[in-house]
Amino acid sequence: MAQTLILASGSPRRAKILAAHGVSFSVLKTDAPEVAIPHDPEQTVTANATAKLRAALEALHAPPLAAEMLGVLAADTIVWHANRIYGKPRDLDEAAEFLRELSGQTHSVFTGVAFAGADGAIRTAVVRSGVTFHTLDEAKIEEYVARVRPTDRAGAYDIDEAGDLVVASYAGSYENIMGLPYEPVREWLNGQNRK
């Protein structure tokens, strides 16, 4: 029987990344509360990813993991600019405000990932990428918000959905900007497959 990864996220972007890498997985959504730790984006995403992972483990009554489970994976992504955390906007008005503030600026995208494998140990990693926005006028902001409706995206945008409307350039992992850097996940899964 093939082992399956449990993805503790309902994000279609994270699911798309795992599927693109040929990972067999199933989705388990959790309702773990999220925190924002002022002036500490790395601690924020680590705490949130770990809380989501623990909620998933509790829902699964694990550890130990069932034999058919390769592990449980959770993630949290934020945008960081000018010492401010930009999470998911509350509504479309706040999404537009985020885009106004990020217009023409370079910001960082932090994603924290947390993984629990068969040994029960929790592993975490944080990946940072840089993104530079085009200078956005009101018409472009309105067009983007109406087209993408980005209330479930950190920073109110999605580089993979009409990203060319807002993103001028980026540095680092594209998948991280989407919400799930695959590099640490690959390392963890390869470690599980060797056991």
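**Briefing: buried residues, cores and aromatic contacts**

Phe98 is buried, with a relative accessible area of 4%; buried means under 20% relative accessible area, exposed over 50% and partly exposed in between, for a 1.4 Å probe and protein chains only. The model is predicted, so local features need pLDDT of at least 70 and side-chain atom pairs count only at pLDDT 80 or more, while totals for chains, interfaces and linings use all residues. Residues are numbered from 1 along each chain as its sequence is written, and side-chain values use heavy atoms, with hydrogens and water left out.

**Aromatic residues**
- Phe98 forms an edge-to-face aromatic pair with Tyr86, at 5.0 Å centre to centre and 85 degrees between the planes.
- Rings of Phe, Tyr and Trp (its six-membered ring) pair if their centres lie within 6.5 Å; planes under 30 degrees apart count as stacked, over 60 as edge-to-face and the rest as tilted.
- Tyr86 is also buried, with a relative accessible area of 3%.
- The charged end of Arg84 sits over the ring of Tyr86, 4.3 Å from its centre (CZ of Arg or NZ of Lys within 6 Å of the ring centre and within 35 degrees of the ring normal).

**Nonpolar core**
- The largest nonpolar core has 41 residues, of which Leu18, Leu73, Leu99, Phe133 and Tyr157 touch the most other members.
- Such a core is a set of buried Ala, Val, Leu, Ile, Met, Phe, Trp, Tyr and Cys residues joined through side-chain atoms within 4.5 Å.

**Asp158**
- Asp158 is buried, with a relative accessible area of 4%.
- Beyond four places in sequence, Asp158 touches Arg13, Tyr144, Arg153 and Gly163 (heavy atoms within 4.5 Å).
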